[in-house]
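Visitor: I would like to learn how to read salt bridges in a protein model. Could you walk me through them?

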Amino acid sequence: MEDFDYSEDSSFNDSYDYNYEHSVCDKEAVRSFAGIFLPIIYALALVVGLAGNALVVVVYTSKVRLRTLTDVCILNLAISDLLLLFTLPFWAADAVHGWKLGPEACKLTSFLYSTNFSCGMLMLACISVDRYRAVVCNPTGRTGTGPRARRLWLLVCVLLWTVAGFLGLPELIFSTVKHSHHRMACTAVYPNNMARPAKAALELLEVFLRFLLPFLVMVVCYCCVGRVLSQAAGVRRDRKWRALRVLLAVVTVFLLTQLPYNVVKLCRAMDVIYILVTDCDVSKGLDHALQVTEGLALTHACINPVLYAFIGSSFRGHVLKAAKHLGQRLGRHPRHVNEEPAVEIALNTHNQTQSQSGSEDQDTSTFTI
């Protein structure tokens, strides 16, 4: 969790606005804004994100066969989003009343927030790579589901979670509870001899691994997928463009939700390195920008189920089947729903034969239109 720039002293551990011409920078307005804005944003994200991601986990862990690495990543993405969302009530309470749960809970909550935020971004990059491999690199349009493939999926997920955990280690090590402004706060406190380089290095590392790298991977992979998809034979033009619009939406949503937050983080890193902010009002404006953009970045955890699961006709089919079974148990008989045939992203474009997307035996991705 980002430690907002609330403090009025000259410590590197507490603020980036060390001394403004030997005057104290009063940030009571920043703390008051956080006490109102953050609980509202966190509550909305928790309710919406919890419903969508919980449904994804329930469906994928019930009777759905995980056919591709994309399916496995979507499941892990929903789990990481849920773990991230579960930390929000603690941060909302911290914004209003200060931290009341002690240093151990502070370390664990900070670690879970950072790790799962990173894991979500890495999973999105992995999904784009798997779709590129399935569409562009696989001449048959099919993916393996044998023991060897499943071991590879497990290895990939373990690797991504390990990298995310590595990014969360500084929070686990340095986060602690500190008295600040008549209340306790959960924040990262670094040794004085490494406060500035540690802050700057971690900010830059997070910008690169949480945003820049996943974004570049997504753009390259989805551009290649879109090019192949637009040239696919045996698919109507309107359905091709529907698929292309989905790919564009995935990249656009990621950019709109994550770019502002990472621009502010980059500004913070540059300020730590070069001490650029020397005005109290500018520092407070940077704090407000961080609060708003981090709230915007968290909305991606709510949008992920829509972009990566609900948009797939296979996933919708499993939800409808579950609803049908529930209706039968309750003594109701819902009408049969006719679904429009889906355009599978894993098209058999190399030999230009149309895949039977409705077949239960075909090992295609659930990332469909």
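Guide: Here is a short tour of the salt bridges. This is a predicted model, where local features need pLDDT of at least 70, side-chain atom pairs count only at pLDDT 80 or more, and totals for chains, interfaces and linings use all residues. Residues are numbered from 1 along each chain as its sequence is written, and side-chain values use heavy atoms, with hydrogens and water left out.

Visitor: What is a salt bridge, and how many are there by this rule?

Guide: A salt bridge is a side-chain nitrogen of Lys or Arg within 4 Å of a carboxyl oxygen of Asp or Glu. By that rule, the count is 9 salt bridges. One of them joins the side chains of D287 and K27, at 2.8 Å from N to O.

Visitor: Which parts does the pair D287 and K27 tie together?

Guide: D287 lies in helix α8 (residues 280-298) and K27 in the segment before α1 (28-62), so the pair links parts 260 residues apart in sequence. Helices here are DSSP runs of H or I with at least four residues, numbered from the N terminus.

Visitor: Are D287 and K27 buried or exposed?

Guide: Buried means under 20% relative accessible area, exposed over 50%, and partly exposed in between, with a 1.4 Å probe and protein chains only. D287 is buried at 1% relative accessibility, and K27 is buried at 0%.

Visitor: Where is D281, and what is its partner?

Guide: D281 forms a salt bridge with K284, their closest N and O atoms being 3.9 Å apart. The two are 3 residues apart in helix α8, about one helical turn. D281 is exposed, at 55% relative accessibility.
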